[in-house]
Amino acid sequence: MSASVETIDQLIRSRRSIFPPSYIPRPIPAELITAILENANYAPTHKLTQPWRFVVFTGEGLEKLGTFLAETYRSQTPPASFSQAKYDTTKGKITASGAVIAINVQLNPHLLPEWEEVASTAAAVQNMWLSATAHGVGAYWSTPQTALEPLTGFMGLPEHQKCIGLFYMGYHNAPAMEARRTPMAEKVTWVNA
C-alpha cells in the first residue's frame, strides 16, 4: 500500500467532531482558512454547478454572529421558556471558535433537484473537515434549525441561496478518540450474480 493511501485512510478514520468547549484561544490564520476552502472547491458537482457558498466569520465577525444567534433564540422563545444559560451558550460557542463558516447552497432549480446541490455542498464540507483535521484544527457542522432562515436574511443571501448550517473551527486540546462505528458488513449487500 502506498504512503498516500495510508495517509488518506488514517485521516478519514481519525476525523471527529470537535466542539467549542475544547477550543483554545488561538486564531486560525486567514491563509489556512483559505486553503481549507480551496479543498472544498474540489468536491463532486453534477453539471459543474459548484453550488457551495461560504461566509467566513472571524474576529469581530464572530461577536456579531454570536449576538445575532443569541438574540434570535431570545426572540423565538416564549419568556416562560427562556434560559439565560442557553442564550449565553449560544453566543459563547461562536465567540470561543477561531472561525465559523456559514455553509450556504446555491440552488439551481432549472437544472437540478435541491437534494443534489445539498449533497454536493455536503461533500465540499467533508473536504473542509478532512483538511482541517490534517492541519490540527477541530471542527463540527451544526444545523441550528430555527436559525437557518434568519441566518439567510442576516447574511443577505441572494435568491436561490440558503444557509444549511454552520461549520465551527478551532485549534483544540481534545484528546484523540476512537471512532464509534458498527461493522461495515452490516451495512452492505453484495449482488454477485
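User: Leaving aside neighbours within four places in sequence, with which residues is F167 in contact?

Analyst: The model is a predicted one. Neighbours of F167 within four places in sequence are set aside, and contact is taken as heavy atoms within 4.5 Å. On that basis the partners of F167 are A99, V100, I101, I103, V125, M128, W129, A139, Y140 and W141.

User: Which residues have the most contacts inside the largest nonpolar core?

Analyst: The largest nonpolar core has 43 residues. Those with the most contacts inside this core are L151 and F167.

User: Which element supplies the largest share of this core?

Analyst: At least two core residues come from each of helix 2 (30–40), strand 1 (52–57), helix 3 (60–76), strand 2 (99–106), helix 5 (114–134), strand 3 (137–142), helix 6 (145–154) and strand 4 (161–171). The largest share is seven residues, and it comes from strand 4.

User: Among contacts between residues at least 6 apart in sequence, what percentage joins residues at least 24 apart?

Analyst: Buried residues make up 40% of the 193 residues in the protein chain. For contacts between residues at least 6 apart in sequence, the share that joins residues at least 24 apart is 80%.

User: What separates the C-alpha atoms of V56 and L166?

Analyst: V56 is in strand 1 and, with a relative accessible area of 36%, is partly exposed. Apart from neighbours within four places in sequence, V56 is in contact with I33, L37, V100 and I101. V56 and L166 are 110 residues apart along the chain, and their C-alpha atoms are separated by 9.8 Å.

User: Which residues does S17 contact, leaving aside its neighbours within four places in sequence?

Analyst: S17 is placed in the loop between helix 1 (3–14) and helix 2, and it counts as partly exposed at 34% relative accessibility. Its C-alpha atom is separated by 7.1 Å from that of G138, 121 residues apart along the chain. The contacts of S17 outside its sequence neighbours within four places are W129, A139 and Y140.

User: What distance lies between the end C-alpha atoms of helix 3?

Analyst: Helix 3 has 17 residues, and at 1.5 Å a residue these should span 24 Å. The separation in the model agrees with that expectation, since the end C-alpha atoms are apart by 24 Å.

User: What covers the buried residues of helix 3?

Analyst: The buried residues of helix 3 are G61, L62, L65, G66, F68, L69, A70, T72 and Y73. An α-helix has 3.6 residues a turn, so residues three or four places apart point the same way. The cover over the buried residues of helix 3 includes strand 1, helix 4 (84–95), strand 2, helix 6 and strand 4.

User: Is T121 buried or exposed?

Analyst: T121 is found in helix 5. Beyond its neighbours within four places in sequence, T121 is in contact with P51, W52, I103, N104, V105 and I164. Its relative accessibility is 0%, and the cut-off for this class is under 20%. T121 therefore counts as buried.

User: Which element gives the most to the lining of the largest pocket?

Analyst: The largest pocket has a volume of about 320 Å³. Of the 19 residues that line this pocket, the closest to its centre are S14, R16, I18, H172 and P175. Helix 5 and strand 3 each supply at least two lining residues. The most, three residues, is given by strand 3.

User: What is the phi of L48?

Analyst: Most residues other than glycine have a negative phi. K47, in the loop between helix 2 and strand 1, has a positive phi near 60° and is exposed at 53% relative accessibility. L48 lies in the loop between helix 2 and strand 1 and is exposed, with a relative accessible area of 63%. Although L48 is not a glycine, its phi is positive, at about 50°.

Definitions and conventions: Residues numbered from 1 in each chain as written. Predicted model: local features only at pLDDT ≥ 70, side-chain atom pairs only at ≥ 80, totals over all residues. Heavy atoms only, no water. Core = buried A, V, L, I, M, F, W, Y, C linked by side-chain atoms within 4.5 Å. Buried < 20%, exposed > 50% of the residue type's maximum accessible area, 1.4 Å probe, protein only. Helix = DSSP H or I, 4+ residues; strand = E, 2+ residues; numbered from the N terminus. Expected span 1.5 Å × (residues − 1). 1 Å grid on protein atoms, 1.4 Å probe; cavity = no way out; pocket = protein on both sides within 12 Å on 5 of 7 lines; lining within 4 Å. Points joined across faces, edges and corners; volume = space filled by probe spheres on them.
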